[in-house]
Amino acid sequence: MAPAGDREGYWGPTTSTLDWCEENYAVTWYIAEFWNTVSNLIMILPPIFGAMQSVRSGLEKRYIASYLALTVVGMGSWCFHMTLKYEMQLLDELPMIYSCCIFVYCMFECFKMKKSVNYHLLFTLVLFSLIVTMVYLKVKEPIFHQVMYGMLVFTLVVRSIYIVTWVYPWLRGLGYTSLGVFLLGFLFWNIDNIFCDSLRNFRKKVPPVIGVTTQFHAWWHILTGLGSYLHILFRVCFTVVMGITFWASKLLLWPVAPFTAGLSARCQGIWLFFLCFEHPMLS
Ligand SMILES: [Zn+2]
């Protein structure tokens, strides 16, 4: 990547195997990639709030673990982009794998009874995480990490599509919103990598307030942070939907599903979003 526009800064020479398109130390002496760093706040603050809400609502530990895992990824990413040091890069990239494994576990166990543990799946995912960690520490090849992460995300996408197609079609608004936001983030990640030289040249010619909108890696953080947060909320809604089904049948308000089937996908997403916060199980 062209170093033009990069400056020296507080954390010294870059030792990470990746250096993103944002110009190093361009905003402040103390933060290598300023926008790529502060954009992680969306991956840190909302999940902390989500974890607190989950504890207050008495939700299962898997949801709390999911929110906290996302927060850890955000913090690791903050440290990495702030310093561009190899150790901090690992603090960003390895939790990405671990948090995705937690998400995969939750997605495949979403219809199980509370407090049940699938030891086979747990063992497989822990083994996968250990192998990825050991191989990545050895080969230090970012492509390897990206492929492993991509495989986990692909698994989540397929499982999500299966669930909104065959099990909970009324959740497709929220499911596809989460997926769409995440994939838009991935598109921006690619734009940042592929058109880096053009983006840097463009930023030299325009006022900083316009230039900052072309920090597409920061957009990747914002959109994947939001997409992941919505994905956890989507999973929380399984619990809520099961709760509503039970609650509605008790009050002879069944069926709930045909009522929501008449709504547009977008309305269903908003409706479920509302229910997630208003349902007695979660309030
Ligand atoms: Zn990043």
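I began with His217, which, leaving aside its neighbours within four places in sequence, is in contact with Trp20, Asn36, His81, Trp189 and Asp192; contact means heavy atoms within 4.5 Å. I note that this is a predicted model, in which local features need pLDDT of at least 70 and side-chain atom pairs count only at pLDDT 80 or more, while totals for chains, interfaces and linings use all residues. Residues are numbered from 1 along each chain as its sequence is written, and side-chain values use heavy atoms, with hydrogens and water left out.

I then looked up the place of His217 and found helix α10 (residues 216-250). Helices are DSSP runs (H or I, at least four residues), numbered from the N terminus. His217 counts as buried, at 3% relative accessibility; buried means under 20% relative accessible area, with a 1.4 Å probe and protein chains only.

I turned to His221, which is also placed in helix α10. Because His217 and His221 are four residues apart in that helix, about one helical turn separates them. His221 is buried, with a relative accessible area of 3%. Not counting residues up to four places away in sequence, His221 touches Asn36, Ser39, Asn40, Ile42, Met43, Ser77 and His81. I found a polar atom of the His221 side chain 3.0 Å from the backbone oxygen of Asn36.

Which residues coordinate the zinc ion? I found His81, His217 and His221, each through NE2, at 2.1 to 2.2 Å. Donors are N, O and S atoms within 2.8 Å of the metal (3.2 Å for Na, K and Ca), and sites may look incomplete, since water is not among the atoms. The donor residues are spaced H-x135-H-x3-H in sequence.

I consulted UniProt, where an unreviewed entry places the feature "binding site" at His81, His217 and His221. These residues span 141 residues in sequence, yet no two of their C-alpha atoms are more than 11.3 Å apart, so they gather at one spot. UniProt annotations may be inferred rather than shown by experiment.

Finally, I looked up Arg203, which is placed in helix α8 (residues 196-205). Is Arg203 buried or exposed? I recorded Arg203 as buried, with a relative accessible area of 11%. Not counting residues up to four places away in sequence, Arg203 touches Cys21, Glu22, Glu23, Gly211, Thr214 and Gln215. Of these, I followed up Thr214, which is eleven residues from Arg203 in sequence and 7.7 Å from Arg203 in space, C-alpha to C-alpha.

Methods: Helices (H or I, at least four residues) and strands (E, at least two) are DSSP runs, numbered from the N terminus. Buried means under 20% relative accessible area, exposed over 50%, partly exposed in between (1.4 Å probe, protein chains only). A polar contact is a pair of N or O atoms within 3.5 Å; within protein, one must be able to donate a hydrogen and the other to accept it, and residues adjacent in sequence count only if both atoms are side-chain atoms.
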